[in-house]
Amino acid sequence: MNFKIAIPGAVLTVILYAVLSMNGSGVAAPEVGDYNIITIIPYIAVLTLALAGLDVIIVLAIGMGLSCVIGLLVGTATFFEWAQGVSSGMEGMFWVWISMPCLFLIKSLGNF
């Protein structure tokens with residue numbers, strides 16, 4: 001089901017990038033900076049575990065744990081910066097959770 005939802009957006013994005021890059025204006029190639037290959041491990045782990053069909057909560061918990069450990073080991077973040085990021089993400093999810101009943105009500109009334 002998620003695949004059916006994501007495909008139209010992906011196709012539209014590819015078409016938009018192709019059209020905008022044809023005339024030479026709009027889309028510019030990003031400049032590649034310095035990076036540490038170890039810092040992308042949480043992203044690869046989350047993608048791999050999600051594609052393997054693991055439960056979403058477990059996948060996200062593993063990703064958060066890996067990002068904390070790797071960030072602390074590499075020195076790109078302190079524990080408190082990581083905790084602040086988790087708090088910010090939880091706040092965003094709270095507002096999504098709060099808005100869902102409103103969207104359900106609008107949808108059930110036929111105006112959405």
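Colleague: How many helices and how many strands does the secondary structure of the chain come to?

Modeller: The coordinates are those of a predicted model. Read along the sequence, the pattern is α-α-α-α. The secondary structure therefore comes to four helices and zero strands.

Colleague: What share of the residues in the chain is buried?

Modeller: The accessible surface of the chain is about 9600 Å², and carbon and sulfur atoms account for 74% of that surface. A residue counts as buried under 20% relative accessible area. Of the 112 residues in the chain, the buried share is 7%.

Colleague: How are α2 and α3 oriented, roughly parallel or roughly antiparallel?

Modeller: Helix α2 covers residues 41-51 and helix α3 covers residues 56-74. Their axes lie 9 Å apart, at an angle of about 165 degrees. Angles over 145 degrees count as roughly antiparallel. Hence α2 and α3 are roughly antiparallel.

Colleague: Which residues of α2 and α3 make the contact, and what is the handedness of the crossing?

Modeller: From α2, the contact involves Ile41, Pro42, Ala45, Val46, Leu49 and Ala50. From α3, the residues are Val59, Ile62, Gly63, Leu66, Ser67 and Ile70. The crossing of α2 past α3 is right-handed.

Colleague: What distance separates the C-alpha atoms of Thr48 and Val59?

Modeller: Thr48 is placed in helix α2, and its relative accessible area of 47% makes Thr48 partly exposed. Val59 belongs to the α3 side of the contact with α2. Along the chain, Thr48 and Val59 are eleven residues apart, and their C-alpha atoms are separated by 9.2 Å.

Colleague: How are α3 and α4 oriented, roughly parallel or roughly antiparallel?

Modeller: The axes of α3 and α4 are 10 Å apart and form an angle of about 155 degrees. With the threshold for the antiparallel class at over 145 degrees, α3 is roughly antiparallel to α4.

Colleague: Which residues of α4 take part in the contact with α3?

Modeller: α3 passes α4 in a right-handed crossing. On the α3 side, the contact is made by Met64, Ser67, Cys68 and Leu72. On the α4 side, the residues are Phe79, Trp82 and Val86.

Colleague: How many aromatic pairs does a search of the whole structure find, and why is the pair of Phe79 and Trp82 tilted?

Modeller: The search finds four aromatic pairs. For Phe79 and Trp82, the ring centres are 5.9 Å apart and the planes meet at 40 degrees. Planes under 30 degrees apart count as stacked and over 60 as edge-to-face, so the remaining angles are tilted. The angle that makes this pair tilted is 40 degrees.

Colleague: What separates Phe79 and Trp82 along helix α4?

Modeller: Helix α4 covers residues 79-108. Phe79 is partly exposed at 43% relative accessibility, and Trp82 is also partly exposed, at 24%. Because Phe79 and Trp82 are three residues apart in this helix, their separation is about one helical turn.

Colleague: What is the geometry of the pair formed by Phe94 and Trp95?

Modeller: Phe94 is partly exposed at 38% relative accessibility, whereas Trp95 is exposed at 52%. Their ring centres are 5.1 Å apart, with 70 degrees between the planes. As an angle over 60 degrees is the criterion, the pair is edge-to-face.

Colleague: Which residues do ring pairs link into a cluster?

Modeller: Two rings pair if their centres lie within 6.5 Å. Phe79 and Trp82 meet this criterion at 5.9 Å. The cluster linked by ring pairs consists of Phe79, Phe80 and Trp82.

Terms used. Residues numbered from 1 in each chain as written. Predicted model: local features only at pLDDT ≥ 70, side-chain atom pairs only at ≥ 80, totals over all residues. Heavy atoms only, no water. Phe/Tyr/Trp six-rings, centres within 6.5 Å; stacked < 30°, edge-to-face > 60°. Helix = DSSP H or I, 4+ residues; strand = E, 2+ residues; numbered from the N terminus. Buried < 20%, exposed > 50% of the residue type's maximum accessible area, 1.4 Å probe, protein only. Areas by Shrake-Rupley, 256 points an atom, 1.4 Å probe, with all protein chains shown as cover. Axes fitted to C-alpha atoms, helices over the stretch in contact; angles between N-to-C directions. Parallel < 35°, antiparallel > 145°, perpendicular 65-115°, else oblique. Left-handed = near helix turned anticlockwise from the far one by under 90°. Contact = heavy atoms within 4.5 Å.
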